[in-house]
Amino acid sequence: MYESLLQPGKIGNLELKNRFVMTPANLSYCTKEGNVTPRLIEFYKKRAAGGVGLMVVGAVGVDPLRVTTAGVMQLSSDSNMPGMKDLVDAIHEAGGKVFPQLWHAGAYSNPVVYNGETPVAPSEFFCGFSRSKTRALEIEEIEEIIKNFADAAKRAKDVGFDGVELVGSAGYLIAQFLSSATNFRTDKYGGFLDGRMTFLREIFQAVRNAVGPDYPIAVRLAGNDYVRNGNDNDDCIRVAKELEKLGVDALNITGGWHETPVPQVTMDVPNGAYAYLAKRVKEQVSVPVYACNRMNFETASAILDRGDADFIGFCRAFIADPEMVNKMAVGHPELVRQCVGCNQGCMDNIFANAPLCCLANSDAGREMDENNHTPEPTLVIGAGVAGMEYALRAAKAGSTVTVWERKSTFGGQMDMVAAAPGREAFAELPVNQYEECLDAGVSFQFNKEAIAEEINAAVVSGYFKRVVIATGAAPIIPKFPTEEGANVVSAWDVLRGKVNTGKNVVVVGGGAVGVETALMLAEEGTISAEVLKFLMLYKAETPERLYELITQGSKKVAIVEMQKKIGADIGASTKWIFMSNLSRFKVWRHTNSKVVSIQKDSVTVENTEDGTTKNIPADTVVLAIGSRPENDLAEKLKTMIPNVLVQIGDSSKPRKAMDAIADAREAVMKA
């Protein structure tokens, strides 16, 4: 199974043991000066030992003057070399091969972490991503930056990197020169695409001269910028052909820019959605091509089997499970902890200049932490993600673990979380945890109600010496003045398909749960992907009508939120998608509004700024106000067995799944 992914491959003269490439992400684990730390080394060492064929670390800054100080690795100075050598040596000792991704952010440099300087770019414009105006580079500065790339590449070779990658994608400086969306120059670095390629062409030639003819050089390109006036896939192919003439050893083809209105790596992106970009490039060049963005084993293997790419780039998948390749190689892909594409700990943190972490893997970035777990016969109450995470980690640390779950299956709230459109990947997490728990020897008892007296007796008898409460949370149901006969339900029940709603629906609460519930309701009655494909294939309707059919459902949905903005608890990397979809699906938003009363056919709300009231038609009112801990059992047991009791996850304090899983990890490490 997935044999093609495990076949050896070559980039230039570099032999690689498989077709997995770990693509780069800024971890923000470096010093402010961009020097490598033990934390960063341990992070990559763990993944090299996990079996990946090639790791691309970075981004790695090349410019000693225009430097981004946000925990970004640097090879802009000789002073960066000792730490980089330690990193390379550690990866090699663990059996890995590694390139640095040589990078210049250009317009994407946020002045806050850019020493207060104005970001530089090919031309002067306002950058929507960094939210700042740029300064056009002078010719002398361009030549200086080209030399910086070459100097950094030479340093990379000198410290032992196996090759280098130049990043010409994602909207960074090289991509800015390539694109007419940001390059308005009239000198040799601007004009038509051939002129706009000059910057990349000269960088590549300078790097080649610095490292010699046999040293592997890869270039990462945007397969399509997906920005207005940007390059499309045909333009990418022209750039790829030019690089092949210059002697590039591999091409890493990814999706669009960070500021594109088309989602690139969120969980609503279908697996392999952008593989077509790499496929078209590979059809035109003879050098190895990587396909990237939102992959799983099945999709990646099929891409290789079809010959649509030579290597597959994964990034967040290796953050979620460093042992991914090794587990697959020994025939246990079911034990791989899947990345769910939530972006909460990776992209959201990176954009906030915070250290990377991971919902699925709370060890990410904390590989050096000491585990002080004392093995004990342990009872875990609750088979949600917090309970199973504790059970798994405790079992691996030597404890004998039994899990009691009052429902007939595992997963806790994750079935509800995964119910909203585009959020289906969340359902993979508890499945992974359960399979891992079984492999680690955890025993499960389902349909088992936890009774305080029974637990106390088991502890007194010595059968259990540690009891962990992971009973989760329940929805908050506020008591608004409500007319008899009004249909008022919880968002949890809607997401779980337990209730029917009418044509007019008002969702009270504009946080993540409220937004997801509103979008799920708004999509009811739209045509499916299968029907859309059929209608498009036979050109049965115009593109405009097809768009209408996939965005206009059967219900009229509104959100009522007391705060000024909807989605305050949604991360920056995905919030814009939710807000765009609320507009696409015509969900009405009433902010600065509180519920006054609920009638059988409407909701009365008051504007908290001016005191005015209005009635919103409503056949059903859906409450998405928040949740409260399910801690009754814990409170009883605190009076019986306080010395052996541990309380984790939402039963202690309702939070996101990432927090609940991290909470379980901390509890195991300390127990």
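Author: Both D249 and R208 are buried, where buried means under 20% relative accessible area, exposed over 50% and partly exposed in between (1.4 Å probe, protein chains only). The model is predicted: local features need pLDDT of at least 70, side-chain atom pairs count only at pLDDT 80 or more, and totals for chains, interfaces and linings use all residues. Residues are numbered from 1 along each chain as its sequence is written, and side-chain values use heavy atoms, leaving out hydrogens and water.

Reader: What is the N to O distance in the salt bridge of D249 and R208?

Author: Side chains of opposite charge can pair when their charged atoms come close. A salt bridge is a side-chain nitrogen of Lys or Arg within 4 Å of a carboxyl oxygen of Asp or Glu. For D249 and R208, the N to O distance is 3.0 Å.

Reader: Is D308 buried or exposed?

Author: D308 forms a salt bridge with R306, with the closest N and O atoms 2.7 Å apart. R306 has a relative accessible area of 54% and is therefore exposed. Because its relative accessible area is 10%, D308 is buried.

Reader: Which residues is V219 in contact with, leaving aside its neighbours within four places in sequence?

Author: V219 has 0% relative accessibility and so counts as buried. Contact means heavy atoms within 4.5 Å. With those neighbours left aside, the residues in contact with V219 are L166, F204, L243, V248, A250, L251 and N252.
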